[in-house]
Structures are given as C-alpha cells and as structure tokens.
Amino acid sequence: MMVLAKLKTLQAKTQRATEDLAKAIPDILYNFNTVKSEPTAKVYSGQIEFMSLMYKIFESSPHNSEFLWLAEGKNLYEIIGDEYFNVELSRLRANKRIKARILASNTNIILKQRLQSQKLWEMREAKFLPDEFNTDCTILITKNQVINWNTINPKAVVIEDSILAKTYKSIFEFIWKRS
C-alpha cells in the first residue's frame, strides 16, 4: 500500500515537471535561438488588425520579458478598445510577467490620468515627457521588434530586426534617464 502511494506521488510530481517543461520550452528556444533571420516588415491597419497584432505580440513574447513604450496612447486605446487593452492584454501580460516601461506624453491628460490612477501598476513604470515633446504616434519596442503606430491614420508597421530593436531601445533608455 505504501509503495503504491509513493508511486502515485512520484507519478504526480513527474507529470507536473513534464507540464512545467512543456511550458518553458518555447521560451528556452526563443532565448537561445541561434538561427539568424532576415529583417522583416509588415503593415497592419484598422481595429481588428490592431487587436490581432497586440495579442500576437503579447502571446509570442517570452515570460519575464520587457516592453518599452513611447506612448501617445489615447488614440491607440480608442482604436483597440479600452476594455480589451486593460482586461485581456493586461491579464496576458501579468500571466507572462512582462514588465512595461512607458514614456508618455505629458500633454495627453487622459493617458496621464489613466497611468497614474489604474491598479495595473504591477510590473509597470511610467514617466512623462516634457510638454514640448508631442507625438501622434506610439512606439513599442520588444527584444526583436519595433512597432510604430500612426494612431491618426490607423496604421502600424512592425519591423522584426534585433539590431533595429537594440537601437530603438538605446534611444528609449537615453530619454528614460532624462525624464
């Protein structure tokens, strides 16, 4: 009887370890991928494509990664939908432990109030840019991608290129330190 109980316990532990490994393999492959790919670019437009793009970015990002946002924000929220952005994407980001740092326009009062008041601050920091820095675009920087949103004429250009992403990250860090 005792041997059977120990076997069942061992079987359960093995099953949990197998499930944990299955969840970790995509991140391991992503982080240690040695295959060098050519840079790519793709254009998205409209609400459905924006929502699909956002979900794809969040879903394909490895656990514990970081997103850097240079955010105009207001129009992006309007295009994607506040509920989708704050409920679905925030839940996905929290589940994957994706940290977000946001440089937001100081002149966008709606975005500023949203960033200061929401309870979504877990794994998120925001700084506000000087009043003279004004933009109608939002830029998201991930490990290997730069996504540029024109939120006035709803279009997004996704560039997958690790060198370009590294350059944008350097620019972001320069502005972050001075904000």
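## Ground rules

Residues are numbered from 1 along each chain as its sequence is written, and side-chain values use heavy atoms, with hydrogens and water left out. Because the model is predicted, local features need pLDDT of at least 70 and side-chain atom pairs count only at pLDDT 80 or more, while totals for chains, interfaces and linings use all residues.

Start with the strands. Helices (H or I, at least four residues) and strands (E, at least two) are DSSP runs, numbered from the N terminus. Two strands pair if DSSP finds at least two bridges between them.

β5 and β6 run antiparallel and are joined by five bridges. Within this pairing, Ile-139 has Asn-148 in β6 as its bridge partner. A hairpin of three residues connects β5 to β6.

β6 also pairs with β7, which covers residues 155-160. This pairing is antiparallel too, with six bridges. Here Ile-147 stands opposite Val-158 in β7. β6 and β7 form a hairpin, and four residues lie between them.

## Thr-142 in its loop

Thr-142 sits in the loop between β5 (137-141) and β6 (145-150). Is Thr-142 buried or exposed? Its relative accessible area is 8%, so Thr-142 is buried. The cut-offs are these: buried means under 20% relative accessible area, exposed means over 50%, and partly exposed is in between (1.4 Å probe, protein chains only).

Which residues does Thr-142 touch, leaving aside its neighbours within four places in sequence? They are Ile-57, Glu-66, Phe-67 and Ala-165. Contact means heavy atoms within 4.5 Å.

## Aromatic pairs

The structure holds four aromatic pairs. Rings of Phe, Tyr and Trp (its six-membered ring) pair if their centres lie within 6.5 Å. Planes under 30 degrees apart count as stacked, over 60 as edge-to-face and the rest as tilted.

Phe-58 and Phe-67 are both buried. Another pair, Trp-69 with Trp-149, is stacked, at 6.0 Å centre to centre with 10 degrees between the planes. This pair links distant parts of the chain: Trp-69 is in strand β2 and Trp-149 in strand β6, 80 residues apart. Both tryptophans are buried.

## Arginines over rings

Two arginines lie over ring faces. Arg-101 is over the face of Trp-176, at 5.0 Å from the ring centre. Arg-178 is over the face of Phe-174, at 3.7 Å from the ring centre. A charge sits over a ring if NZ of Lys or CZ of Arg is within 6 Å of the ring centre and within 35 degrees of the ring normal.

## Two positive phi angles

Most residues other than glycine have a negative phi. Asn-64 has a positive phi of about 60 degrees, although it is not a glycine. Asn-64 lies in the loop between α2 (46-60) and β2 (66-71). Its relative accessibility is 61%, so Asn-64 counts as exposed.

Arg-97 is not a glycine either, yet its phi is positive, at about 55 degrees. Arg-97 is found in the loop between α4 (82-95) and β3 (99-105). With a relative accessible area of 40%, Arg-97 is partly exposed.
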